[in-house]
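Please look through the sequence and the 3D structure shown below, and then work through the questions that follow.

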Amino acid sequence: FLIAQDVEAVLPEAVDHSNPDELGLAYTDVIPLLVASIKELKAINDQQAQTITALTARIVALENK
């Protein structure tokens, strides 16, 4: 699901280095970061949907002239 090396760059405290041959990952430490990212993406998506709706309305209005 997640690669420990990728997570380590963003949230190093979630990576377990106890086994030198294999990194571990505390998924419960990553969940809040994932939820925050989802909220950010939802906000961007909602804004884009509003822009699309407004632009579509403008196109329809221009086509009906």
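This is a predicted model: local features need pLDDT of at least 70, side-chain atom pairs count only at pLDDT 80 or more; totals for chains, interfaces and linings use all residues.

Q: In which helix does I38 lie?
A: Residues are numbered from 1 along each chain as its sequence is written, and side-chain values use heavy atoms, with hydrogens and water left out. Helices are DSSP runs of H or I with at least four residues, numbered from the N terminus. By that rule, the helix that holds I38 is α2.

Q: Is I38 buried or exposed?
A: Buried means under 20% relative accessible area, exposed means over 50%, and partly exposed lies in between, with a 1.4 Å probe and protein chains only. Because its relative accessibility is 57%, I38 counts as exposed.

Q: Which residue forms a salt bridge with K42?
A: A salt bridge is a side-chain nitrogen of Lys or Arg within 4 Å of a carboxyl oxygen of Asp or Glu, and a search of the whole structure finds one. The two partners are four residues apart in helix α2, so they are separated by about one helical turn. With the closest N and O atoms 2.7 Å apart, the partner of K42 is D46.

Q: How many residues make up the largest nonpolar core?
A: A nonpolar core is a set of buried Ala, Val, Leu, Ile, Met, Phe, Trp, Tyr and Cys residues joined through side-chain atoms within 4.5 Å. In soluble globular proteins, nonpolar side chains tend to be buried together. Here the largest core includes A4, V7 and L11, and its residues number seven.

Q: Which element of the chain has the highest mean pLDDT?
A: The chain averages a pLDDT of 95, and 100% of the residues score at least 70. Among the elements, helix α1 (residues 4-10) has the lowest mean, 94, whereas the highest, 97, belongs to α2.

Terms used. Helices (H or I, at least four residues) and strands (E, at least two) are DSSP runs, numbered from the N terminus. pLDDT is the predictor's confidence in each residue, from 0 to 100.
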